[in-house]
Amino acid sequence: MSRWTEADIPDQTGRTVLVTGANSGLGLRTAQVLAGKGAHVIMGCRSVQRGQAARREVNGSAEVLELDLADLSSVRAAAEKVESLDVLINNAGIMAVPYGKTADGFERQFGTNHLGHAALTWLLLPALRQRPGARVVTVASLAHQYGRMDFDDPNWEHRPYGYRSSYGQSKLANILFARELERRSSDVTSIAAHPGVTVTDLTNNMASAHNSVLLRLGGRISHLFSQSVEMGALPQLYAATSPDARGGQYYGPDSFNGMRGYPAVARMTAAARDDLAANRLWELTIKLTGITPDLP
């Protein structure tokens, strides 16, 4: 996949792709590229108003779907509106936010980044099964490297909350979920990807959320090592479209320890390769969301 770029994306005419968090950043770029290649893109957005504004920046077939991953009732309502689907790209996320809870009482980062996407994926399995070669792409992060799953307290109810640790846990959960879905599903391919260090609204909003001078300084330093949104979106576009992308794999930038570059197989920590943890997370997710995936 040496120096794989948007030009290598096959024609997507006739395919339907749902991209979560498609109103800005990596999600918007992914929607723009896939619509430009002929796909019909469903732009999953928490704010319909912001989604409609972003839709005007997409040249091609696209529609906005109201979707709040921090509210399982919204996830259910959105899934019911999707009849058939070729690719689901679980791109949306929140990063390093102060402690808070979702509408269902989950810690916000774990609830949004993992539980919301897991619920959406499971509810959309019938729609995905209607299309041969359907894929689910789950976007993780280099931050999974400092993540640790606490199965006894995933929602930070009995331990001091750490916004960085919580984000790492949610991104580790993304990879574990993607790998377990691939292991359990015989008719849907599941792949994980990460964008390296890409400056988006997530990184810009993090310092503001904590009103931290150090985080603002860190953000300026990260700009020195970061890449454009166009480059950051390549790994998830590769996972979503390339005939060579493999189920169960994890793709990210190929240079500077995964911080920037072109799509390549990315390094996973031992914790992300833990099959027992992946299975345990799967069962915990069923318990917390109340959704049992319909798998053959």
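Predicted model: local features only at pLDDT ≥ 70, side-chain atom pairs only at ≥ 80, totals over all residues.
How many helices and strands does the secondary structure of the protein come to?

1. The secondary structure comes to 11 helices and eight strands. With a radius of gyration of 17 Å, close to the 19 Å given by the globule rule for 296 residues, the protein is as compact as a globular protein of that length. Its C-alpha trace spans about 50 × 45 × 40 Å along the principal axes.

2. Helix H4, residues 108-123, packs against helix H11, residues 275-289, at an angle of about 90 degrees, and their axes are 11 Å apart. H4 is therefore roughly perpendicular to H11.

3. Now to the side of each helix that takes part. H4 brings Phe110, His114, Leu115, Ala118, Ala119 and Trp122, which meet Leu281, Trp282, Thr285, Ile286, Leu288 and Thr289 of H11. Sorted by class, this contact has nine nonpolar and three polar residues, with no charged ones.

4. Do also visit the second largest pocket, which holds about 170 Å³ of space. Its lining is made up of Leu142, His144, Gln145, His194, Tyr250, Pro253, Asn257, Gly258, Val265, Ala266 and Arg267. By class, that lining has five nonpolar residues, five polar residues and one charged residue.

Terms used
Residues numbered from 1 in each chain as written. Heavy atoms only, no water. 1 Å grid on protein atoms, 1.4 Å probe; cavity = no way out; pocket = protein on both sides within 12 Å on 5 of 7 lines; lining within 4 Å. Points joined across faces, edges and corners; volume = space filled by probe spheres on them. Nonpolar A, V, L, I, M, F, W, Y, C, P; charged D, E, K, R; others polar. Axes fitted to C-alpha atoms, helices over the stretch in contact; angles between N-to-C directions. Helix = DSSP H or I, 4+ residues; strand = E, 2+ residues; numbered from the N terminus. Parallel < 35°, antiparallel > 145°, perpendicular 65-115°, else oblique. Contact = heavy atoms within 4.5 Å. Rg over C-alpha atoms; globule rule 2.2 N^0.38 Å.
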